[in-house]
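Please take me on a tour of the charged pairs here. Tell me what to select next and what I will find at each stop.

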Amino acid sequence: MEKNSKKKRTIIKLNDNNYVERDVSWCYFNYRILKEAANPLAPLYERLSFLGIYSNNLDEFYKVRVATLKRISENNEKNFKKEKNLAKHTLKKIYSLVADYAKEYNEVYNNVFLELKDKGIILLDENTVSDAQKEYIRDYFIKNISLDINPLIISKKADFSSVNDTHIYLAVKMSEKLDDDKENLNYALIPLPTSHCGRFIVLPSEDKSKHYYIYLDDVVRLNLDYIFKNLPYSHFEAYAFKFSKDAEMEVESDPEEGVLRSISQAVKERKRGIPVRIVFGEGMPKDLADKLIKKLEIDDKDIITRGGKYHNNKDLMKFPKENIEELSYPAWPQSFDKTFSITPSLLDIISKKDVLVHVPFESFNAYINLLQEAAISPSVTEIKASIYRAAKDSKVIQALANASKNGKKVTCMVELLARFDESSNILISQALKDAGVEILTGKEGFKVHGKIVYIKIKNGKDIAVISTGNFHEGNAKTYTDCLLFTANPLIVNEVKEIFSLIENPYEKHNFKYLLVSPLHMQSVFEKLIKNEIKNHQAGLPSGIKIKINHITDKAMVKLLYEASAKGVKTELLIRGNSSLKEDNEYSNNNLKIHAIIDRYLEHSRIFIFENAGNPLVYMGSADWMPRNLYNRIEVVTPIYDEEIKKELEMIVDYGLKDNVKGVIVTGTNEYKRYENDEPKFRSQEELYNYYSKTNK
């Protein structure tokens, strides 16, 4: 039987029993976040934050993925009939799941605030504030909020083109009883000025053990009579109104206008995008809803749903926090890599030995310090860097600009199509250009997602940095990512070549060591998986361990199924979309799929292949989705340093061992928590302890 199995190729056929559509699997992922918000073992402020993350994720999902599915489902071209039917089927499933989750979300939300109330954190609304608090709210509103309130009266002449889904709105119904038992009615829309005063207002308290808060929404509700004091109405009702627009952009590059201008115009067009979801607050009367539907020219009733009293709950991530120890996780200060901390020159240390920095356990300052040193070092002549997302007032951008001002030749690839960061990246491009930096914007059809830096050294070894995540100070405090600093010429020379690929993607480029998409990354991963199958069948050590954000590409799913079917132990640590099902006709009990939802967002991509007892280890920016493998420039690097190999293997093994925040992903709407007699092991806590001790 063994001999026959070597010769006979397992034919993998994907169907509903073993393949989960990308967008359905995303819903399952977001549900895991909601379940963490419901987890009674998590601190209450953290649970609030998870409620905010769930809400924010769902907003972006509708703007991008649901919008895309709607466009496909409405395509009437004959050649797209199969795709159209699949999109309709997927949308139906999504709507059903989201509706179910919404009920659970409201229940979790109410429970969290009830538990917070027991701890002295009390959220009031317009009906539960005291008379004294009402007085305070009126005074606070007049002094701090009123000048930022700009209602739009819903009339035929009113211009609603500025109404966009980045705002939170209250839809207002105003009325006045007339003598003949008739009513004088009018309607308005109020954008809430959250950017000026935040979503939550702190109320005074005479009892130091109690802390009172109120939504800005309810502060405005209590002051509707003041806002409309010059209008002839005595009764006011206000209801939340939320909508999400199609966030896809049609970018037409006009050679005379330039890429920056074209994308800037496309961002403006997005603000007038087609609505893909309308949510009316609970209790909104039909006449007010009809007014909004007519004014916003909404003709698709399927996108309209009824929600709760408050929308845009992403603001729960910024809920004001009192200094009550039990409500939050204990602080985990970042450590500084000991290798970097003992030398006056990071360039020198990297030239002698590869270094790995694992954020947020270790400080991202190592990367910033490297750029700052390069900016003033007389030995550095050139810097090339990719920018996908950057923090506000980014020190990374400042260091690159300073290098240019100091006479270095600096080239930056700024990805202008980084979704929802287009406007920010346009400003970054302009700021860098003003500092003398040469800006690359990539070629149409090749979004640059790889995270790379090249530093040219005069009379010394050139240096490269390859990261699994963005060079972003903010993300580096909450996302788990790995940055490799290396002077290995096998890697460095090819990192330099990637910038040539970015400028000229249609020319021939050869990469022998780096895995680069869309050129050959998928085919290399395919060879690595098939090699594990071959080794297993030859009786040699075999195994696959992958830590990644998403796996949805059908070719990769088939390969992993084939490996597990042939006996290769395949362990996956997948944070988000997983199109695989652990229990199926091919898994042969060799496929294990894990996920971790904890205080940090699991973001690093690490690939380990046993390779007959001499493990091959890779890390980089690419997930296993069609967009990453075939439609973007992504970079994955091999690891040659034995100590760093072991460290990356430890990171993955810790994640696979996690039975506290880790769960078993089944490929269905449900997942399993670990229930066994094994000692409790929380990977992020163990990693924090490891780096704290190692870097002392």
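Start by selecting glutamate 115 and arginine 47 in this predicted model: the two form a salt bridge, with their closest N and O atoms 3.3 Å apart. Glutamate 115 sits in helix α4 and arginine 47 in helix α3 (residues 44–73), so this pair links distant parts of the chain, 68 residues apart. Now color the two by accessibility. Arginine 47 is buried, because its relative accessibility of 3% is under the 20% limit. Glutamate 115 counts as partly exposed, at 33%.

Stay with helix α4, which covers residues 81–118, and select glutamate 104 along with lysine 35. Here is another salt bridge, and its closest N and O atoms are 2.9 Å apart. Lysine 35 belongs to helix α2 (residues 22–37) and glutamate 104 to helix α4, so the pair ties together parts that lie 69 residues apart in sequence. Lysine 35 is partly exposed, with a relative accessibility of 25%.

Next, jump to lysine 547 and glutamate 602. Their closest N and O atoms are 2.9 Å apart, forming a salt bridge. This time the partners are in strands: lysine 547 in β19 (residues 544–548) and glutamate 602 in β22 (residues 601–602), so the pair joins parts 55 residues apart in sequence. Is lysine 547 buried or exposed? Lysine 547 is buried, at 4% relative accessible area, and glutamate 602 is buried too, at 10%.

For a last stop, select Asp125, Glu126, Asp218, Arg221 and Lys309 together: salt bridges link them in a network.

How values were computed: Residues are numbered from 1 along each chain as its sequence is written. This is a predicted model: local features need pLDDT of at least 70, side-chain atom pairs count only at pLDDT 80 or more; totals for chains, interfaces and linings use all residues. Side-chain values use heavy atoms; hydrogens and water are left out. A salt bridge is a side-chain nitrogen of Lys or Arg within 4 Å of a carboxyl oxygen of Asp or Glu. Helices (H or I, at least four residues) and strands (E, at least two) are DSSP runs, numbered from the N terminus. Buried means under 20% relative accessible area, exposed over 50%, partly exposed in between (1.4 Å probe, protein chains only).
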